[in-house]
Amino acid sequence: MATEANGAAPGPATELCGLRLAHPVINGSGTFDAIAAMRAFGDELIASFPFSAFVSKTITPEPRAGNPPPRLWETPSGLINSIGLPNKGLGGFLEHDLPLLAELPVPLIVSVMATSREEFARLVEGVAPRDEVAALELNISCPNVKSGLIVGESPAEAGALLECLRPLTDKPLLVKLTPNAQPAPVAVAVQESGADAVSLINTLRAAAMDPEGVGPWLGAGSGGLSGAAVRAVALHQVREVAAAVSIPVIGMGGVASGRHAAELIFAGARVVAVGTESFRDPAAGVRVAAELSGLLRAAPA
Amino acid sequence: MEPARATAPFGRRLCEITRNQASGAYRVFSALDPEGPEPAPGQFYMLAAESGWGGADGRPYLARAFSVADCERERGGVRLDFLLHDVGPGTGRLCRVEPGERLWVTGPLGRPFAPPRDVNPDAAGAILVGGGIGVAPLALWRRRLSGAGVPTRVLLGFRDRERFGGIDLFRCSEMRIATEDGHQGHRGYVTDLLSVLLEGDDARSAAVYACGPPAMLEAVRVLCAERGVASELAMEAPMACGFGACFGCAVPLAGGGYMRLCIDGPVVRGDQVETALIKGSGGH
């Protein structure tokens with residue numbers, strides 16, 4: 001089990017829910033596929049792995065093909081995506097992806113999503129016992145098919161989900177909050193029900209119109225906005241949530257430099273995630289961590 | 001069989017522009033890559049200008065994907081040639097790069113062209129079919145095939161004078177041209193020329209390689225399928241990262257589901273995909 005973070009990366013070392021991280025920069029779920037990146041960049045990726053923990057793309061109980069294309073739209077200083085969580089499902093993940101992700105030199109956090117508490121429980125019971133897995137992140141930006149409510153937009157739904165999942169594992173449960181509703185009440189609810197940390201922000205709901213037509217551009221109609229365009233929103237929501245909870249906050253949203261990461265930390269984040277910037281620069285995590293290390297050393301205590 | 005792909009150095013790097021000149025209505029520019037390996041024909045790079053990337057309206061924001069039109073190991077690194085057409089804020093900025101400026105470069109990326117015998121075990125030669133700006137990767141592939149002694153025929157199609165260029169990259173005589181406006185060569189589609197070539201008895205010993213706009217690629221794919229000719233298509237899809245991270249460049253597979261074009265392509269077998277009609281990026 002990979003519990004020691006990449007020793008070659010810059011500090012400062014950080015602790016997150018009992019995980020020792022060599023520095024405070026991880027990836028946002030769904031923004032870096034370490035298995036595909038190994039095919040593109042070879043062993044050099046492992047030798048200079050950009051993150052101090054790796055968060056997997058979200059897995060669901062059954063395989064998903066993802067949304068029909070087009071899936072991307074570039075906005076001013078940002079990106080709208082409607083990918084639709086393509087993944088191999090729980091069985092495919094455990095059989096094919098987990099052995100490869102276990103080779104990474106950093107702790108593995110597995111992101112999971114389901115549309116009912118029973119299916120969420122199935123994911124947690126399938127993933128959490130594996131030694132390769134250090135923690136789980138619950139992606140709750142989805143509807144509960146029974147209530148019809150987006151779990152992450154309802155403190156009651158989110159709290160009830162955590163109450164159901166908390167007894168199933170001793171491993172850290174992180175909750176990815178949605179920015180499309182007030183995140184602080186949801187953060188408080190999941191903390192009260194046993195969550196170990198919260199991460200935010202997820203993408204902001206967004207749409208683009210077909211430049212040569214009158215309908216939506218994206219195959220799924222609408223998607224989520226990320227990148228530099230959302231950084232100011234992320235700073236506000238991280239500040240608000242960090243003030244409301246005592247558990248660690250993982251801050252993300254448009255981080256492209258050490259300064260951006262430092263600002264999220266000053267706003268209350270324990271750990272920072274890089275997402276869309278990795279699309280523009282695959283080694284962005286290395287650069288952000290190095291710049292952040294210098295800034296935090298220089299910052300007044 | 002998986003063709004040998006060159007592995008990219010991890011991360012992006014700065015490469016200096018050494019040349020930017022007209023090639024018909026297109027631009028061809030060279031960047032000197034001091035670190036990278038030589039790309040395999042069909043592989044691509046993600047490119048962004050070091051400065052002036054992100055204009056008044058905040059675009060371009062992401063890097064843009066381009067396949068290599070030519071490359072040569074020179075003193076100081078590998079010279080990479082790219083063929084561009086100004087069709088949006090990213091290509092517009094890149095068309096205006098000047099010698100001495102620097103580009104952010106990630107690559108080489110993706111699956112390259114496979115040798116003819118891997119595409120068709122009975123292949124006696126190669127037929128390259130290019131359309132518009134999509135002639136770029138075929139220029140490098142033709143050089144490699146000729147160097148290996150593979151008989152190669154080149155068919156290039158263009159819409160009109162405003163979308164015509166890149167033929168100087170081929171530097172060969174066995175080339176046929178089609179233009180929709182008839183200002184050069186055959187008046188009509190490049191697939192008209194391909195259709196005639198594939199009528200002969202030697203169609204079964206051919207391997208077709210195509211790159212061009214979606215409608216042309218789809219016509220090539222369908223024609224080759226009808227005639228039982230093996231083909232490879234160098235495709236394009238909206239792409240944010242180029243290395244499998246964003247899952248944006250989904251292309252529907254013949255058997256259902258999607259492939260990521262950046263990591264499982266951009267060169268695909270014609271029979272792998274359900275269609276080559278992939279909607280563009282909505283403004284490159």
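Biologist: Where does S77(A) sit?
Modeller: S77(A) is in the loop between β5 and β6 of chain A. This is a predicted model, and in it S77(A) has a positive phi of about 55° although it is not a glycine.
Biologist: Which other non-glycine residue has a positive phi?
Modeller: C17(A) is one, with phi near 50°. C17(A) lies in the loop between β1 (14-16) and β2 (19-21) of chain A, and with 19 other C-beta atoms within 10 Å it is partly exposed.
Biologist: OK, switching to chain B. Which peptide bonds are cis there?
Modeller: Among them are R59(B) to P60(B), with omega near -5°, and G107(B) to P108(B), with omega near 5°. P60(B) is in the loop between β3 (44-49) and β4 (64-67) of chain B, whereas P108(B) is in strand β7 (residues 102-109) of chain B.
Biologist: And how many residues of each chain are in contact with the other?
Modeller: There are 36 residues of chain A in contact with 33 residues of chain B. On the chain A side, α1 (34-41), α2 (43-47), β5 (72-75), β6 (78-81) and α9 (276-280) each supply at least two residues.
Biologist: Which of those gives the most?
Modeller: α1(A) does, with five residues. By class, the side of chain A that touches chain B has 20 nonpolar, nine polar and seven charged residues.
Biologist: Let's talk helices. How do α5 and α6 of chain A pack?
Modeller: Helix α5 (residues 155-165) and helix α6 (residues 183-192) of chain A have axes 8 Å apart, at an angle of about 25°. That angle is why α5(A) is described as roughly parallel to α6(A). Their crossing is right-handed.
Biologist: Which residues meet there?
Modeller: From α5(A) it's P155(A), A158(A), G159(A) and L162(A), which meet P185(A), V186(A), A189(A), V190(A) and E192(A) of α6(A). Seven residues of this contact are nonpolar, one is polar and one is charged.
Biologist: What about α6(A) and α7?
Modeller: The axes of α6(A) and helix α7 (residues 231-244) of chain A come within 9 Å and cross at roughly 35°. That crossing is right-handed. P183(A), A184(A), A187(A) and V188(A) of α6(A) make the contact with Q237(A), E240(A), V241(A) and A244(A) of α7(A).
Biologist: Is α8(A) enclosed or out in the open?
Modeller: Helix α8 (residues 258-266) of chain A is largely enclosed by the rest of the structure, because seven of its nine residues are buried. Those buried residues include H260(A) and E263(A), and they pack against β3 (25-27), α7, β13 (249-252), β14 (271-274) and α10 (284-298) of chain A. Just after α8(A), G268(A) takes a positive phi of about 125°.
Biologist: Last one: where in chain A is pLDDT under 50?
Modeller: Over residues 1-9. Where pLDDT is low, the predicted coordinates should not be read in detail. Chain A averages a pLDDT of 94, and 96% of the residues score at least 70.

Key:
Residues are numbered from 1 along each chain as its sequence is written. Chains are lettered from A and ligands numbered from 1 in the order in which they are written. This is a predicted model: local features need pLDDT of at least 70, side-chain atom pairs count only at pLDDT 80 or more; totals for chains, interfaces and linings use all residues. Two residues are in contact if their C-beta atoms, placed from the backbone, lie within 7 Å. Helices (H or I, at least four residues) and strands (E, at least two) are DSSP runs, numbered from the N terminus. Ala, Val, Leu, Ile, Met, Phe, Trp, Tyr, Cys and Pro count as nonpolar, Asp, Glu, Lys and Arg as charged, and the others, Gly among them, as polar. pLDDT is the predictor's confidence in each residue, from 0 to 100. Axes are lines fitted to C-alpha atoms, for helices over the stretch in contact, and angles run from 0 to 180 degrees between N-to-C directions. Angles under 35 degrees count as roughly parallel, over 145 as roughly antiparallel, 65 to 115 as roughly perpendicular and the rest as oblique. A crossing is left-handed if the near helix is turned anticlockwise from the far one by less than a right angle, and right-handed if clockwise. A residue is buried if 20 or more other C-beta atoms lie within 10 Å of its own, exposed if 12 or fewer, and partly exposed in between; C-beta atoms are placed from the backbone.
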